[in-house]
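Subject: Structure for you to look through

Hello,

Please find the structure below, together with some notes that I hope you will read with the model open beside them.

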Protein chains: 2
Amino acid sequence: MGGDLILGLDPGTAATGWGIIEVAGSRPRLVDCGTVTTSARDPESERLLALYRGVQAVIDDYSPAAAAIEELFGGANLKAALSVGQARGVIILACAERGIHPAGYTPLRIKQAVVGYGQASKGQVQQMVKSLLGLDRVPRPDHAADALGVAICHAHSRRTEAKLGIHG
Amino acid sequence: MGGDLILGLDPGTAATGWGIIEVAGSRPRLVDCGTVTTSARDPESERLLALYRGVQAVIDDYSPAAAAIEELFGGANLKAALSVGQARGVIILACAERGIHPAGYTPLRIKQAVVGYGQASKGQVQQMVKSLLGLDRVPRPDHAADALGVAICHAHSRRTEAKLGIHG
């Protein structure tokens with residue numbers, strides 16, 4: 001391990017994507033990625049518990065030094081906001097219990113960091129994730145690729161802050 | 001202890017109200033109530049952790065047999081929905097970890113159960129909480145009184161279901 005591990009998270013009650021990258025120097029490297037999924041047939045409380053334990057297991061497996069989580073997009077409706085909020089709540093909690101305080105990034109910010117402009121499509125973000133990590137193909141499922149985009153955004157943001165002397 | 005304890009919850013990141021009632025026969029009795037508060041000066045992750053641990057402590061102190069939580073009201077904006085969602089997420093998780101799956105009730109449903117009509121004011125709900133629990137004054141702070149209203153609503157709903165033979 002040459003550098004710090006960063007955990008990226010794309011929150012959702014049905015499926016939360018996660019991606020771990022290692023950052024040593026300027027080039028990020030893929031360590032692992034996947035999704036924690038829950039069944040709509042289970043009660044909400046069981047789903048949140050499964051999500052929490054799934055994210056906890058990822059944190060315990062990789063001990064990331066930092067985490068980043070996607071913020072809600074503006075176009076969501078109230079019901080979606082409440083559901084994503086509940087998922088975010090247990091995910092942020094799983095991180096906080098291990099002393100990690102996840103940074104939040106809007107989709108606009110993630111697209112700017114990964115692709116270079118905020119109006120990029122989801123497909124363009126995924127192609128850039130593949131290219132930046134030197135992979136043969138786009139990671140699957142989509143939520144895992146999105147989570148890697150969040151992790152790359154955080155690495156980019158930290159590098160920019162270091163250059164500007166904000167910290168680090 | 002003659003009957004089951006019910007935990008009512010009024011979720012919020014800044015302040016979550018909780019109230020425990022005992023139901024033996026048709027008349028509910030106040031056991032305890034209070035709030036778990038968090039400071040806006042702390043990071044979001046610390047606040048959710050504090051909220052989670054606060055609710056966990058209440059559950060461990062009283063071992064309620066059931067829990068009920070207020071659902072989001074329709075008039076909320078996206079930011080509020082996300083914030084309440086995050087609070088709900090960690091509260092529901094704290095319950096689920098102890099094998100309790102909280103029932104959700106809308107403000108309309110709570111007002112109907114406690115006061116008798118859905119357009120009741122917050123003040124009317126609190127006066128009825130005082131009266132139904134046979135108290136000298138309205139419980140304070142407001143969030144604790146609201147949480148007791150949620151618990152009373154759940155007791156009422158269970159009783160109605162039992163009468164209708166839905167279960168129990």
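The side chains of A:Glu22 and A:Arg29 are joined by a polar contact of 2.7 Å, where a polar contact is a pair of N or O atoms within 3.5 Å, of which, within protein, one must be able to donate a hydrogen and the other to accept it, and where residues adjacent in sequence count only if both atoms are side-chain atoms. A:Glu22 counts as buried because its relative accessibility is 7% (buried means under 20% relative accessible area, exposed over 50%, and partly exposed in between, with a 1.4 Å probe and protein chains only).

Please keep in mind that this is a predicted model, in which local features need pLDDT of at least 70 and side-chain atom pairs count only at pLDDT 80 or more, while totals for chains, interfaces and linings use all residues. Residues are numbered from 1 along each chain as its sequence is written, chains are lettered from A and ligands numbered from 1 in the order in which they are written, and side-chain values use heavy atoms, with hydrogens and water left out.

A:Glu22 sits in strand S2 of chain A (strands are DSSP runs of E with at least two residues, helices runs of H or I with at least four, both numbered from the N terminus). In chain A, 5 strands make up an open sheet with mixed pairing, in the order S3-S2-S1-S4-S5, and two strands pair if DSSP finds at least two bridges between them. Its edges are strand S3 (27-37) and strand S5 (103-105) of chain A, each of which pairs on one side only. Strand S4 (residues 66-70) of chain A runs parallel to S5(A) and is joined to it by 3 bridges, and A:Ala68 has A:Ala103 in S5(A) as its bridge partner.

Turning to the cysteines, the structure holds 0 disulfides over all chains, a disulfide being a pair of cysteine sulfur atoms within 2.5 Å. The sulfur of A:Cys33 is too far for a bond, because the closest cysteine sulfur, in A:Cys95, is 17 Å away. B:Cys153 is likewise in no disulfide, with the nearest cysteine sulfur, that of B:Cys95, 16 Å away, and B:Cys153 counts as buried at 1% relative accessibility.

Finally, chain B can be laid on chain A with an RMSD of 0.0 Å by a turn of 180 degrees and a shift of 0.0 Å along the axis, superposed by least squares on the C-alpha atoms of residues with pLDDT of at least 70 in both. That is the relation of a two-fold axis.

Best wishes
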